[in-house]
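Here is a friendly tour of a protein model, meant to be read with the structure open beside you.

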Amino acid sequence: MVDYPAGPRIPPTFIFMNDAPLFHIGRPTGYHQEYTEIGFWQTHLPYELKRVCGRARFTVDCVNTSRILQARNLLVKRARLNRADYLIMADPDMIPDCRLGSWPEAEPWFESCWRKVQEMPLCVLAAPARGVSPTQDGPQQWRVHTFWNGEGDARLKRIESQEASLLRGWQEVEAIGSGLIFVPMGVFNRLDEVAEERGTGTVPYFDDVYEDETKTEIKYTQDLYFCLRCRDAGIPIFANFSAWAGHWQRARDDGAWPLPTMEIYQEVLVAQAQ
């Protein structure tokens, strides 16, 4: 169980503070499995909102569909109808704050997001995690679903596990998965403005991009497409490598693997102290 910082009891008037920021918690729930970690995190979230923000409101929106592309865009639509200030999307197979309490450098993900968005109100914030392809078995084969800016014809360059395990804190990236993501609603307004300026009309915020006309080879998944649209609109994307999210697929994965050797880890600590 994650050891969250203790906070004061939430007063009964907590959800009726109309001048407080409103968080729309988006939960796609149309999957065959829902893991206990995400439920525990959601249960604790009201206390975390109170502790971190002081004054806050929230709604939990469960979208009962396994079509993740539809769920993402539907959650944006509902957050707008709800007049939310922020949209947080948390998938049922994610494990927020998986290292909190067991890793000395771990930071609470939501708290770090709130602090970051005070510095930079228009940005996209996410927790790095790793995924597995259908042909890869075991956490040692899983790859980080986070990308640097690529070179030449390659728009994206994947951050490998060994490199990711050495990173700390917020890092600006080119794209990241949307399994656990924090988006100010102003981001979507900005995307609409850019689409209008370019005369592209109404386009989905999340969409799959294919290599071929038969749509059998995916070039960019819906989350990467969203991030690239944001980057093209001048909106930065950040990943907090001190607030990893675990990921349930064929097995539980709690972050970058393999971890650096003790010699490399000591070198990182020394470099950070200088």
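Leu191 touches Tyr205, Phe226, Arg229, Cys230, Ala233 and Ile235, leaving aside residues up to four places away in sequence; a contact here means heavy atoms within 4.5 Å. Apart from its chain neighbours, then, Leu191 reaches Phe226, Arg229 and Cys230, which are buried residues of α6. Buried means under 20% relative accessible area, exposed means over 50%, and partly exposed is in between, with a 1.4 Å probe and protein chains only.

Before going further, a word on the ground rules. This is a predicted model, in which local features need pLDDT of at least 70 and side-chain atom pairs count only at pLDDT 80 or more, while totals for chains, interfaces and linings use all residues. Residues are numbered from 1 along each chain as its sequence is written, and side-chain values use heavy atoms, with hydrogens and water left out.

Which residues touch the most other members of the largest nonpolar core? They are Val124, Val187, Phe188, Leu191, Phe226 and Cys230, in a core of 47 residues. Helix α6 (residues 222–232) gives this core its largest share, five residues. Apart from it lies another core, of 27 residues, with Cys53, Met94, Trp109 and Phe238 among them. A nonpolar core is a set of buried Ala, Val, Leu, Ile, Met, Phe, Trp, Tyr and Cys residues joined through side-chain atoms within 4.5 Å. In soluble globular proteins, nonpolar side chains tend to be buried together.

Helix α6 is largely enclosed by the rest of the structure, because nine of its 11 residues are buried. Those buried residues run from Gln222, Asp223, Leu224, Tyr225 and Phe226 to Cys227, Leu228, Arg229 and Cys230. After α6 comes Gly234, whose phi is positive, near 85 degrees.

Helix α3 (residues 109–119) is also largely enclosed by the rest of the structure, since eight of its 11 residues are buried. They include Trp109, Phe110, Trp114 and Lys116. The charged end of Lys116 sits over the ring of Phe238, 4.3 Å from its centre.

## Rings and charges

A charge sits over a ring if NZ of Lys or CZ of Arg is within 6 Å of the ring centre and within 35 degrees of the ring normal. Arg99 gives another example, with its charged end over the ring of Trp103, 4.5 Å from the centre.

The structure holds 12 aromatic pairs. One of them joins Phe241 and Trp244 edge-to-face, at 5.9 Å centre to centre and 75 degrees between the planes. Both Phe241 and Trp244 are buried. Rings of Phe, Tyr and Trp (its six-membered ring) pair if their centres lie within 6.5 Å; planes under 30 degrees apart count as stacked, over 60 as edge-to-face and the rest as tilted. Phe23, Tyr86, Phe110, Trp114 and Phe182 form one aromatic cluster.

## Buried and exposed spots

Thr146 is in strand β8 (residues 146–149). Its contacts beyond four places in sequence include Pro128, Ile159, Val173, Ala239 and Phe241. Ser178 is in the loop between β11 (175–176) and β12 (180–184), where it touches Arg72, Met89, Asp91, Gln222 and Asp223, not counting residues up to four places away.

Arg83, in the loop between α2 (68–81) and β3 (86–90), has a positive phi near 55 degrees. Lys215, in the loop between β13 (209–210) and β14 (218–220), also has a positive phi near 55 degrees.

| Residue | Relative accessible area | State |
|---|---|---|
| Thr146 | 0% | buried |
| Ser178 | 1% | buried |
| Lys215 | 57% | exposed |
| Arg83 | 72% | exposed |

Across the protein chain, buried residues make up 50% of the 274 residues.

The protein chain averages a pLDDT of 82, and 77% of the residues score at least 70; pLDDT is the predictor's confidence in each residue, from 0 to 100. Over residues 6–16 the pLDDT is below 50, and this stretch has 16 contacts in the model beyond near neighbours in sequence. Residues 133–140 also have pLDDT below 50, with 11 such contacts. Where pLDDT is low, the predicted coordinates should not be read in detail.

Definitions and conventions. Helix = DSSP H or I, 4+ residues; strand = E, 2+ residues; numbered from the N terminus.
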